[in-house]
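Subject: Structure for you to look at

Dear colleague,

I am handing over the structure we spoke about, and my notes on it follow below.

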Amino acid sequence: MKKLAYILILLLPAITYCQQDPLYNQYQFNQLMINPAYAGMYNRLSVGAITRFQWAGIDGAPQTSTITAQTGINGGKAGIGGIVLNDRFGVSSNYEIQFIGSYNINMRDARFAMGIQGGLVQYGYDFSGVEFDFFDDPEIMQGHDNIIKPNFGVGFMYMNQNFFAGASIPRILNSSVSDGVTTSERYKRHYYFTTGFAKEINRMPFKVMALVRSFEGDAFSFDLTGSVYLDMVMWAGISVRDLKHFGVFGIIDASDNIQIGYSFEMPSNSLVYGNYGTHEVSVKFNFNVSRRSMFQEKYF
């Protein structure tokens, strides 16, 4: 843990003053994690869990676990859902719960959805597991109290069978904390823009998706993924983030109702040394709650 202590001293300003949204590689198969308008889009009940282990092999590296649930209601005209999330990075451990609602406007062969979400986020810090040889700051040694902040978000999405575009701000409120002397920011709002299209070539579906993410005062982050639906059983693909992180992933239809996923990602810069890459594992259960569905295939 001593090695972690030195890392934390260097990263403490970033950990303390600005928390970023966790972002998965497999968001393209469950966009509820970044856009509340996705709830009920396919008018089916879906419950999923996903865990991301970033920079495996490094003590205190980021680890994020999320459970999502959503379903269409009122014949697919609306959707409801929820998110429970735990995000850990070094001494930081955050918990979040969000409740989601959406309204769908059906067009001739497409759907436009508007979604909102609201809930609570707990920001917590624990220095008890860190061993400092020459560090006696009493505030650090005692740790920080847990901080609970409310937040809410909005999202919009347009989708037809082979194309979609979405925009969202999952957490609109910036979060700051004051100790009576100084005020520090714990969170800055993030903006997401997503799009993608699917096409069948020789009866084999191909899919390309892109995501642009930004938050105030920082540069853009860009994701691009491409995948193919092999034998209508498994989505296999590659991903690239900011031309620095490259990955592969696979999502298997274990049955008519169960999907199991895995992805692996490695950086191409100096972070490639000293860790075993980033891993994600996921499982999702899907159930039809109504025969009414605008889309024959679930590509997004």
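The second largest pocket holds about 530 Å³ of space. It is lined by 26 residues, and those closest to its centre are Arg 44, Asp 256, Asn 286, Glu 297 and Lys 298. Please keep in mind throughout that this is a predicted model. Two strands, β15 (258–267) and β16 (278–288), each supply at least two residues of the lining of this second largest pocket, and β16 gives the most, with three residues. Sorted by class, the lining of the second largest pocket consists of ten nonpolar, ten polar and six charged residues.

Of the 15 residues that line the largest cavity, Gln 26, Phe 29, Asn 30, Ser 282 and Lys 284 lie nearest its centre. Strands β1 (44–53), β15 and β16 each supply at least two residues of that lining, and β15 and β16 also each supply at least two residues to the lining of the second largest pocket. By class, the lining of the largest cavity has seven nonpolar, seven polar and one charged residues.

Finally, two residues deserve a look for their backbone angles. Most residues other than glycine have a negative phi. Asp 231, however, has a phi near 55°, a positive value in a residue other than glycine, and it lies in the loop between β12 (221–230) and β13 (234–241). With a relative accessible area of 70%, Asp 231 is exposed. Leu 243 likewise has a positive phi, near 55°, without being a glycine, and its place is in the loop between β13 and β14 (245–253). Is Leu 243 buried or exposed? Although a leucine, Leu 243 is exposed, because its relative accessible area is 69%, where exposed calls for over 50%.

With best wishes

Definitions and conventions: Residues numbered from 1 in each chain as written. Predicted model: local features only at pLDDT ≥ 70, side-chain atom pairs only at ≥ 80, totals over all residues. Heavy atoms only, no water. 1 Å grid on protein atoms, 1.4 Å probe; cavity = no way out; pocket = protein on both sides within 12 Å on 5 of 7 lines; lining within 4 Å. Points joined across faces, edges and corners; volume = space filled by probe spheres on them. Helix = DSSP H or I, 4+ residues; strand = E, 2+ residues; numbered from the N terminus. Nonpolar A, V, L, I, M, F, W, Y, C, P; charged D, E, K, R; others polar. Buried < 20%, exposed > 50% of the residue type's maximum accessible area, 1.4 Å probe, protein only.
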